[in-house]
Amino acid sequence: MLEGLSTAELVAKGQAVVMNTYGRLPLALVRGEGSWVWDVEGTRYLDFVTGLAVNSLGYGHPAIVQAIQKQAKEILHTSNLYWIPNQIALAERLAESSFASKVFFCNSGAEANEAAIKLARKYAKKKYGEDKFEIISLKNSFHGRTLATLTATGQTKYQQGFAPLPEGFSYVEINNLGELKERVNEKTAALLIEPIQGEGGVFPASEEFLRAARELCDQYGALLIFDEVQVGLGRTGKLFAHEWSGVAPDIMTLAKALGGGVPIGAMLAGEEAAAAFQPGDHASTFGGNPLATAVGCAVLDVMRQPGFLEDVRERALYFRQGLEHLAEKYKTGESVRGQGFILGWPLPKLGGEVVQLCRERGLLVNCIGGKTLRFLPPLTVSKEEIDQALGILDRVLSENWK
Ligand SMILES: Cc1ncc(COP(=O)(O)O)c(C=O)c1O
């Protein structure tokens, strides 16, 4: 579609008809293969953004292509008024692989968090009474853009202009145990935490903080919700990021990588919490449709193959060591943060400029808050490709870091 147009022509057309909600780069990607993408002019880039942690198995993964082709010939959509075999199969896989026993399917991360907030409130009110509805999340967090999830998002810049916001949300600083203990009480319905803050700049929650969150939830009858929309599904080198801490939540949200590029979200819960939802309490027309859940099964089947995650951990460590070497070589200051293939490297002197400098040399990266480079390569990226990315970063820094 719109074949033959240059990037500049597409930008001009897009600005005329697409609503202005993104600060977009002048780049239009039209093809991908493995860890690589091509723009409309045929320029090739090594992709360390992966659609913001969506294309975790890279582009054109045969298991995903096959699942889509097969499903397209069978049936794309049926209503949740009926049973959907692929949905049941994906729920079974997710339950087998996690603390959870029940799954609700939707279409995005925000929707999964919206569902989690609703479930937590319903559960709290049913079990303890009307006054238990407060949701505590973290400052600098990101949970989505619906009214409830942007209210849970602990960054005022996302909330400005949208008041009045839903009631009953408050925030504590990540890894501040004192503040957490002060804030949680009988009115708390849930604590909502990203095990690693992604959009906030790649800040991991400490094991101690997650453990304290678990204990406080148990003490006050609140539910612990982990938002693993960005860090779940192999991104950290474990299937779920919270596995590193050994702390299990009551509810977990997933999206992004679950569909390998096909929109899907999921909200997982244990039996008791899940039972708070009855027919009519929550729903989604497209949620868990045959296509999205067929792809979800294909993605999980790849990620659960023996050795897949060990291999991710090994290559991720190789990449991290390469970044740490560069950080030392150029004395860039603050250390590299994150786990597995979600890494943040603060480069305050270059800021957002580094994104353009890398792109000119054939590497796509993302910068958060004008300061921290965030790397989200495909989990399938090879060591040779990691070397190529490190080589480009080395060149960018050698020419621009003073
Ligand atoms: C941790 C986290 N939660 C929720 C969301 C929202 O997901 P979506 O954009 O699919 O609504 C994001 C998106 O970046 C995210 O990183």
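This is a short walk through one protein chain, from its overall build to single residues. The model is predicted.

Start with the whole chain. It has 13 helices and 17 strands. Its radius of gyration is 21 Å, close to the 21 Å that the globule rule gives for 402 residues, so the chain is as compact as a globular protein of that length. Along the principal axes, the C-alpha atoms fill a box of roughly 60 × 55 × 50 Å.

Now look at how the chain is packed. Buried residues make up 54% of the 402 residues. Take the contacts between residues at least 6 apart in sequence: 72% of them join residues at least 24 apart.

Next comes the surface. The chain exposes about 18,200 Å². Carbon and sulfur atoms supply 54% of that area. The chain also carries 41 positive and 46 negative charges.

Turn to the cysteines. A disulfide is a covalent bond between the sulfur atoms of two cysteines. How many disulfides does a search of the whole structure find? It finds zero. To count as a disulfide, the two sulfur atoms must be within 2.5 Å. Seen from Cys297, the closest cysteine sulfur is the one in Cys106. Both residues are buried: Cys106 has a relative accessible area of 2%, and Cys297 has one of 9%.

Some backbone details deserve a stop. Thr50 lies in helix H2, which covers residues 50–53. Its phi is near 45°, a positive value in a residue other than glycine. Is Thr50 buried or exposed? Thr50 is buried, with a relative accessible area of 0%. Asn140 also has a positive phi, about 75°, although it is not a glycine. Asn140 sits in the loop between S5 and H6. At 25% relative accessibility, Asn140 counts as partly exposed.

Move along to Pro164. This residue lies in the loop between helix H6 (147–152) and strand S6 (169–172). A cis peptide bond joins Ala163 and Pro164, with omega about 0°.

Finish at Glu130. Its place is in the loop between helix H5 (109–128) and strand S5 (134–138). Glu130 counts as exposed, at 57% relative accessibility. Glu130 and Ala95 are 35 residues apart along the chain, and their C-alpha atoms are separated by 30 Å.

Terms used: Residues numbered from 1 in each chain as written. Predicted model: local features only at pLDDT ≥ 70, side-chain atom pairs only at ≥ 80, totals over all residues. Heavy atoms only, no water. Helix = DSSP H or I, 4+ residues; strand = E, 2+ residues; numbered from the N terminus. Rg over C-alpha atoms; globule rule 2.2 N^0.38 Å. Buried < 20%, exposed > 50% of the residue type's maximum accessible area, 1.4 Å probe, protein only. Contact = heavy atoms within 4.5 Å. Areas by Shrake-Rupley, 256 points an atom, 1.4 Å probe, with all protein chains shown as cover. Lys, Arg positive; Asp, Glu negative; His and termini not counted. Charge placed at Lys NZ, Arg CZ, Asp CG, Glu CD.
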